[in-house]
Protein chains: 2
Amino acid sequence: MSRRPTLYDVAERAGVSKSLASLALQGSPKVAPSSRDAILAAADELGYRPNRTASSLVRQRTSTIGVHILDLHNPVFAEILDGVQERARQRGYSTLLVTGNADPSTERTEITGLLESRVEGLVLIAHRLSDADLEEFAREVPTVVVTWRTDGVPGLDSVSGDDEHGARLAVDHLAALGHERIVHVTGGDNRIARERRAGYEQGMAAHGLEPYVVDGSFTESGGYAGALTALDAGATALFVANDLAAIGALAALRDRGLRVPEDVALVGYDGMRLLESLDVTTVAQPLAEMGRVAADLLTDRIAQPGRESTYRRVETRVVARGSSGPRRGAARR
Amino acid sequence: MSRRPTLYDVAERAGVSKSLASLALQGSPKVAPSSRDAILAAADELGYRPNRTASSLVRQRTSTIGVHILDLHNPVFAEILDGVQERARQRGYSTLLVTGNADPSTERTEITGLLESRVEGLVLIAHRLSDADLEEFAREVPTVVVTWRTDGVPGLDSVSGDDEHGARLAVDHLAALGHERIVHVTGGDNRIARERRAGYEQGMAAHGLEPYVVDGSFTESGGYAGALTALDAGATALFVANDLAAIGALAALRDRGLRVPEDVALVGYDGMRLLESLDVTTVAQPLAEMGRVAADLLTDRIAQPGRESTYRRVETRVVARGSSGPRRGAARR
DNA sequence: ACGATTCGTTGGAACGTTCCAACACCCACG
DNA sequence: CGTGGGTGTTGGAACGTTCCAACGAATCGT
C-alpha cells in the first residue's frame with residue numbers, strides 16, 4: 001500500500017483509538033505518557049503527516065492568509081511581501097501568494113481562487129480592482145490594502161505612506177540644492193502616480209517654481225523614455241515617480257553622456273534597497289515595515305471582525321544620496 | 001445567519017438536491033437547462049463560493065504546488081518564480097509560496113508545512129536542505145530543484161544552466177577584449193559559487209592567464225567588499241559571481257572613482273533584467289524559462305510519477321553590454 | 001404494448017480530521 | 001464500603017464537498 005498514512009493507521013499501529021492519536025499529536029496533556037510515546041513513535045515510523053485540508057475543514061479555519069502582489073518584478077513589492085510573510089508566520093499563518101500580472105481580470109479570478117481556498121484574510125500589495133470588486137471581497141473576508149489609502153469600505157484597512165507629502169519632500173530637497181528646472185517624470189495614469197504628481201506640483205508652487213511634467217510609467221522603460229523627454233526640455237533635476245523608473249532614467253542619463261549629479265540630479269521614489277548601491281536619492285518608505293503593519297492589521301481584524309476600518313500611515317522621508325548634491329564617493333575620498 | 005452558504009443552501013434555494021447542484025456548478029452536461037439556470041441563479045444570489053478544502057479532501061487532490069524560494073530579495077528568483085507561476089496557472093495549479101530566508105531549519109519547517117497542505121509537487125528555487133531532507137521530501141512528493149543539477153535522487157528532477165561553462169564564457173569574453181588581470185569575486189562557499197569559480201579557473205588556465213580569486217558572497221555587500229579587495233590587487237576586469245554582487249561591485253568602482261569600462265571592466269552572472277538598464281554585461285540564463293521548465297517537469301511528473309529522474313539544462317550565454325568593451329552610450333552617439 | 005435505453009435526478013458514502021459527550025477505571029475521601 | 005472525582009480513553013458526529021449506484025420518468029424500437 002502506497003497510500004499516505006492517516007490518523008487511523010497511526011492509531012492502529014500504536015494500539016489506540018484515532019481520537020487519542022489526534023490528541024497526542026496535538027500535544028494534549030491529557031494523554032498518558034506511555035500512549036503518547038507509542039503514538040509518536042508510530043507516527044514517525046509511518047512517516048505520518050497530518051492532513052491540513054481535513055483539519056481545516058472540521059476546524060472551520062485554514063490559518064492561511066491570501067496575498068495578492070501586483071508585480072513580482074518590482075523589488076519594492078517583494079520587500080513589502082517579505083514583511084507580510086515574516087509577521088504572518090509569527091502569528092501562525094501561512095500565506096498563499098498570487099499575482100494578477102497587473103491585469104484586472106486575472107487579478108479578479110486569482111483572488112476569487114484565494115477565497116475558494118478559504119483564506120482567512122487578504123493582503124493586497126497594490127491592485128487594479130474596481131471599487132465594486134474590492135468591496136465585494138472585503139465584505140467576504142478581512143482585507144488590507146497596502147500602498148494606498150482606502151477609506152469608507154467596511155471590513156477593509158489600509159497602509160501607505162503619504163505620497164503627496166513625499167513628493168513635496170523630493171521637491172524641497174532639490175530646491176534646497178538650488179535646482180529650479182526640476183522636471184517630474186510621472187508614473188502614468190493611476191492613483192499613486194497622480195498623488196505624487198500633485199505633491200510635486202504643490203511643492204513647485206510653494207517654491208515659486210514652474211512645474212514641468214512629462215509622461216512616464218512605473219517601469220524602467222517608462223523612466224527611460226520620460227527622462228529623455230525631460231532632458232530635451234532642459235531639466236537640471238529629475239524627480240522620477242518610482243525607483244524602478246529612476247533606474248531607467250539613470251540609463252537615459254548615461255546614454256546621453258550626462259553625469260549625475262554634476263549635470264543632472266536624480267531623485268526616485270519608494271526606497272528600494274538596490275538604490276543604495278546605485279547611490280540614487282529616493283523618497284523612502286519603510287517597505288518591510290509596511291508589510292508587517294499590513295499583516296498586523298489583518299490578523300487583528302481576523303480576531304475582531306467588527307472593528308472599524310483603520311488606516312495606518314507610515315513615515316516617508318528623503319534619503320539623500322550621491323545622485324543629488326555632492327557625490328558621495330568624491331566626498332569620501 | 002452570516003454563515004457562508006454551502007452547497008446545501010444553494011440546492012435548497014434552487015429546489016434541487018445537493019448532488020445536482022454540485023453537478024451543475026461543475027458544468028456537467030447532464031443537468032437540465034432549467035435546473036442549471038435555477039442553480040446558477042441561486043448560487044449567485046447567495047454569493048456562494050465552493051469550498052476548496054472540502055473539495056480537495058474528497059477528490060484527493062489539491063491542484064496546488066508548493067514553491068520554496070531561497071530569497072525573495074534577489075530579483076533573479078522572482079523572475080524564476082514568475083515563470084513557475086505562469087505555467088502552473090496554465091496547467092490548472094495554484095501555487096503556495098514559502099521562504100526559508102536562507103535558513104536551513106526554517107526552510108525545513110516551511111516545506112513540511114507545504115506537505116501538510118498536501119501540495120501535489122514541490123519546486124525549490126534554490127535551497128539549503130541537507131541531502132537527507134531533500135530525499136525525504138522527494139520521496140513523498142514530486143520535486144524539482146531549480147538552479148542546480150541534482151542527480152540520483154528518485155522522484156526528483158532539476159533545471160539549471162551550466163555554471164562552469166557560463167563562467168568560462170565570461171572569462172573568454174573578457175580575455176577577447178584583451179584583459180589579463182581578470183579577478184573573480186566569488187559567491188561564497190556554496191555549490192553554485194564553487195562551480196562558477198571552477199569555470200573561471202579553467203577559463204583562465206585555457207587562456208594562459210593566472211587566476212586571482214577574492215572572497216565575496218551572493219549579495220550586494222559581498223560584491224562591494226570583494227571588488228575593493230580585487231581592485232587593491234590591481235584588477236583591470238572583475239568577474240563577479242552574481243548580478244546582485246555585481247551591483248555592489250559597481251558601487252565599489254564608483255566609490256573609488258573608477259570608470260567602467262575604461263578603467264575596469266565588469267561582468268556579472270545570472271541575467272537579471274535590471275542589469276540591462278545598468279548596462280552591465282552578464283552571463284545570462286533564461287530565468288522565466290527556467291521557471292516554466294520547472295513547472296512543466298513537475299506537472300509531468302505528477303501525471304506520471306514513475307518517470308525516471310531527469311535534468312534539464314538551459315542555455316547560458318554572455319550578454320555583452322557597456323560594462324565590458326566600448327561604452328554603449330558613447331558608441332551610439 | 002412492452003422491455004430497453006436514455007435522461008435527469010437523488011441519497012448515501014467517503015475523504016481525514018477535530019471535538020464532544022460518555023465511559024471505564026482507579027484512588028481518595030468520608 | 002459506597003460515592004465522588006479525577007484521569008485516560010473512546011465512538012460518533014460533523015465539516016462541505018464529489019462521486020457512485022440507483023432511481024423514476026420519458027422516449028425509443030420492434
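Author: Of the atoms of DNA strand D within 4 Å of the protein, sugar or phosphate accounts for 62%, and bases make up the rest. The model is predicted: local features need pLDDT of at least 70 and side-chain atom pairs count only at pLDDT 80 or more, whereas totals for chains, interfaces and linings use all residues. Residues are numbered from 1 along each chain as its sequence is written, chains are lettered from A and ligands numbered from 1 in the order in which they are written, and side-chain values use heavy atoms, with hydrogens and water left out.

Reader: Which residues come nearest to DNA strand D?

Author: A residue is near a strand if one of its heavy atoms lies within 4 Å of it. There are 27 residues around DNA strand D, and Lys18(A), Ser19(A), Ser35(A), Leu7(B) and Ser22(B) come nearest. The largest share of this surface, 4 residues, comes from α4(B); helices are DSSP runs (H or I, at least four residues), numbered from the N terminus.

Reader: What makes the approach of Ser35(A) to a phosphate oxygen of DNA strand D a polar contact?

Author: A polar contact is a pair of N or O atoms within 3.5 Å; within protein, one must be able to donate a hydrogen and the other to accept it, and residues adjacent in sequence count only if both atoms are side-chain atoms. An N or O atom in the side chain of Ser35(A) is 2.7 Å from a phosphate oxygen of DNA strand D, so the pair meets the limit of 3.5 Å.

Reader: Why is Ser117(A) called buried?

Author: Buried means under 20% relative accessible area, exposed over 50%, and partly exposed in between (1.4 Å probe, protein chains only). Ser117(A) has a relative accessible area of 17% and is therefore buried. Its place is in the loop between α6 (104–116) and β3 (121–125) of chain A, where strands are DSSP runs of E with at least two residues. Contact means heavy atoms within 4.5 Å; leaving aside neighbours within four places in sequence, Ser117(A) is in contact with Thr62(A), Leu96(A), Arg52(B) and Thr53(B).

Reader: How many residues does each chain bring to the contact between chain A and chain B?

Author: Chain B gives 54 residues and chain A gives 54 residues. The buried area, the accessible area (1.4 Å probe) that two parts lose on being put together, summed over both, is about 5,200 Å² between these chains, and carbon and sulfur atoms give 46% of it. Arg49(B), Arg118(B) and Arg254(B) supply 14% of the area that chain B buries against chain A, more than any other three residues.
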